[in-house]
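Biologist: I would like to go through this model and ask what stands behind each label. Please show it first.

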Amino acid sequence: MIDQRLLPHRFEVASLNNYRETAQAIRDMALRGAGAIGVAGGYGMAQAAIEAKDLPKKSFKAYMREAAEALKATRPTAVGLFHAVDRCLAVASRGRVEKRVERVVDEADNIALEDLAASQRIGEYGSKLINDGCRILTHCNAGALAFIDYGTALSPIRFAVKQGKRVFVYVDETRPRSQGAKLTAWELQQEGIPYALIVDNAAGYYMRRGEVDMVIVGADRIAANGDAANKIGTYEKAVLAHENGIPFYVAAPKMTFDPDCQTGDDITIEERSPDEVNWVWGEDEDGKLTRVRISAKDTPARNPSFDVTPAKYISGIVTEVGVLAPPYGESIREALSEPRKGSLG
Ligand code: MRU
């Protein structure tokens, strides 16, 4: 997988040789983004199945449960990880022993292919919301790097450009890990899509000046009532968009919905190391990747990694089965009852 910690300065592909290394890569955010984390969870289970292939049935199941717990313990907010690991654990526990490894590997592949198909469909449906000349603000990275390809929030933008529409993207830097500055800006640059990087605090300024026509972001977990958890800072953008009469869309596949969370208050928000706030990574003048402290030594810091945007601020949820409209309790139930769809082509 691409080691996203080194982007945009280095493009390196890391090899993870067993489920423990895959779990560590998720925890350390070498790989991140709701979709990619889910798919990695599936392939981590496939690695575990291969590692345990010669074990007797009882020990094989125990090994798979151990791997499942380890992968689930990496990051709590993105629900895709839990869906993927549970799907693989289920297929590992049933059927003929000699086919069990193959079944888990196939399931991990299916999760990846569904992820890809969903991103494409989100692109199709979401591009219809984008008019020619649209100026779009996005937060964090909900692009190809956060999924298998295309992404969620960036997929409609990609599809709109392919349809010949002119767009301009305001990219929030997204402190503290700067997924906007390092990943989203890089993806748009790679594809020649016009954009400008802005500090997180500048979004309100451009919205109030009437220079933003739409906001579109991804999501890590969406509650049954439509409250959506996404990267810290998303909630503020939703309130600002509402205040300035700007439509605010969440793009996310059905695997992001969590019916076990009645509201956003039921969603576990990851708290990460204060070091991510006090230190930043970047390239120095000699092109060397380095870490610098931006605050005084021993500065106490808090670092919640996600926040919840209440459903009342969300104009629509762009999914692989269409754009869901409020009241979300109903439209999410309907969407979840729709059968899984294959790829676009
Ligand atoms: O901490 P991260 O980088 O994994 O957070 C990612 C986000 O919040 C994304 O917006 C979200 O996962 C949607 S990805 C399409």
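**Labels and their cut-offs**

Modeller: E211 lies in the loop between α8 (203-208) and β4 (214-217). Helices are DSSP runs of H or I with at least four residues, strands are runs of E with at least two, and both are numbered from the N terminus. This is a predicted model: local features need pLDDT of at least 70, side-chain atom pairs count only at pLDDT 80 or more, and totals for chains, interfaces and linings use all residues. Residues are numbered from 1 along each chain as its sequence is written, and side-chain values use heavy atoms, with hydrogens and water left out.

Biologist: Which residues does E211 touch, not counting residues up to four places away in sequence?

Modeller: They are R135, Y170 and Y206. Contact means heavy atoms within 4.5 Å.

Biologist: What joins the side chains of E211 and R209?

Modeller: A polar contact of 2.7 Å. The term needs a pair of N or O atoms within 3.5 Å; within protein, one must be able to donate a hydrogen and the other to accept it, and residues adjacent in sequence count only if both atoms are side-chain atoms.

Biologist: How do α3 and α4 run relative to each other, roughly parallel or roughly antiparallel?

Modeller: The axes of α3 (residues 57-72) and α4 (residues 80-92) come within 10 Å and cross at roughly 180°. That makes α3 roughly antiparallel to α4, because angles over 145 degrees count as roughly antiparallel, under 35 as roughly parallel, 65 to 115 as roughly perpendicular and the rest as oblique. Axes are lines fitted to C-alpha atoms, for helices over the stretch in contact, and angles run from 0 to 180 degrees between N-to-C directions.

Biologist: Which residues of α3 and α4 meet?

Modeller: Among them are F60, M64 and L71 in α3, and L81, F82 and L89 in α4.

Biologist: What surrounds the ligand?

Modeller: 18 residues do, and the closest are R32, F147, D220, N230 and K231. A residue counts as near if one of its heavy atoms lies within 4 Å of the molecule.

Biologist: Which side chains have a polar atom 2.8 Å from an oxygen atom of the ligand?

Modeller: R75 has one, and Q179 has one. In D220, a side-chain N or O atom is 2.8 Å from a ligand oxygen atom.

Biologist: What makes the peptide bond from L7 to P8 cis?

Modeller: Its omega is near 0°. P8 is in the segment before α1 (19-27). A cis peptide bond also joins P326 and P327, with omega about 0°.

Biologist: Where is P327?

Modeller: P327 is in the loop between β13 (322-324) and α11 (328-337).
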